[in-house]
Amino acid sequence: MSNYLLSYHSRRSLLLVTLLAFSLTLQSCMTTRIVSKYDSDTMVNNPANRKTAWTYAWGLVQIKDINPKCESGSMTSVTVKTNIGFILISAATLGIAVPLKFEWTCNPKSIPTEQLGE
């Protein structure tokens, strides 16, 4: 009987450790992406186009505007991500501090074209 209980607890502990390790290794557990145009001149996963921002006091203190520094002056997409660490921070502070990770891509710079024959 005690071997059965030990085996049950061992399997349960192994399952919990596996689930915890799996959840900690995930890149993000929630992602929201807004795309205005699928054509972009920004390389994917560019660290220059990422920023982690914090909201405070349940959203009463807003995030400062982020300057995307796009040459064209506009963005094609914005992705907002959170992960298990951010969720744990939010839970530990009861929502007083909530970190969010932003990633964006820029529109290609428009090159003026001339018509032939002019």
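Which residue, with a positive phi, follows α2? I found leucine 94 there, its phi near 55 degrees.

**Ground rules.** I am reading a predicted model, in which local features need pLDDT of at least 70, side-chain atom pairs count only at pLDDT 80 or more, and totals for chains, interfaces and linings use all residues. Residues are numbered from 1 along each chain as its sequence is written, and side-chain values use heavy atoms, with hydrogens and water left out.

**Overall layout.** I looked up the secondary structure and noted two helices and four strands. Read from the N terminus, the order is α-β-β-β-α-β. Here helices (H or I, at least four residues) and strands (E, at least two) are DSSP runs, numbered from the N terminus. I also noted that 19% of the 118 residues count as buried. For this, buried is under 20% relative accessible area, exposed is over 50%, and partly exposed lies in between, with a 1.4 Å probe and protein chains only.

**Strand pairing.** Two strands pair if DSSP finds at least two bridges between them. I began with β4, residues 97–106. Strand β2 (residues 50–56) runs antiparallel to β4, and seven bridges join them; alanine 53 has leucine 100 as its bridge partner in β4. Strand β3 (residues 75–82) is also antiparallel to β4, with six bridges. Then I turned to β1 (residues 30–35), which pairs with β3 in the antiparallel sense over six bridges.

**Inside β4.** Is this strand enclosed or open? Eight of its ten residues are buried, so β4 is largely enclosed by the rest of the structure. Lysine 101 lies in β4 and is partly exposed, at 28% relative accessible area.

**Serine 77.** I found serine 77 in strand β3, where it is the bridge partner of valine 35. Serine 77 is buried, with 5% relative accessibility. Its side chain makes a polar contact with the side chain of threonine 105, at 2.8 Å. A polar contact is a pair of N or O atoms within 3.5 Å; within protein, one must be able to donate a hydrogen and the other to accept it, and residues adjacent in sequence count only if both atoms are side-chain atoms.

**Start of α2.** Next came helix α2, residues 84–92. At its start, a side-chain oxygen of asparagine 83 reaches to within 3.0 Å of the backbone nitrogen of glycine 85.

**Aromatic rings.** How many aromatic pairs does a search of the whole structure find? It finds one. The rings of tryptophan 54 and tyrosine 56 have centres 6.4 Å apart and planes at 10 degrees, so I logged the pair as stacked. The rule is that rings of Phe, Tyr and Trp (its six-membered ring) pair if their centres lie within 6.5 Å; planes under 30 degrees apart are stacked, over 60 edge-to-face, and the rest tilted. Tryptophan 54 is partly exposed at 33%, and tyrosine 56 is partly exposed at 38%.
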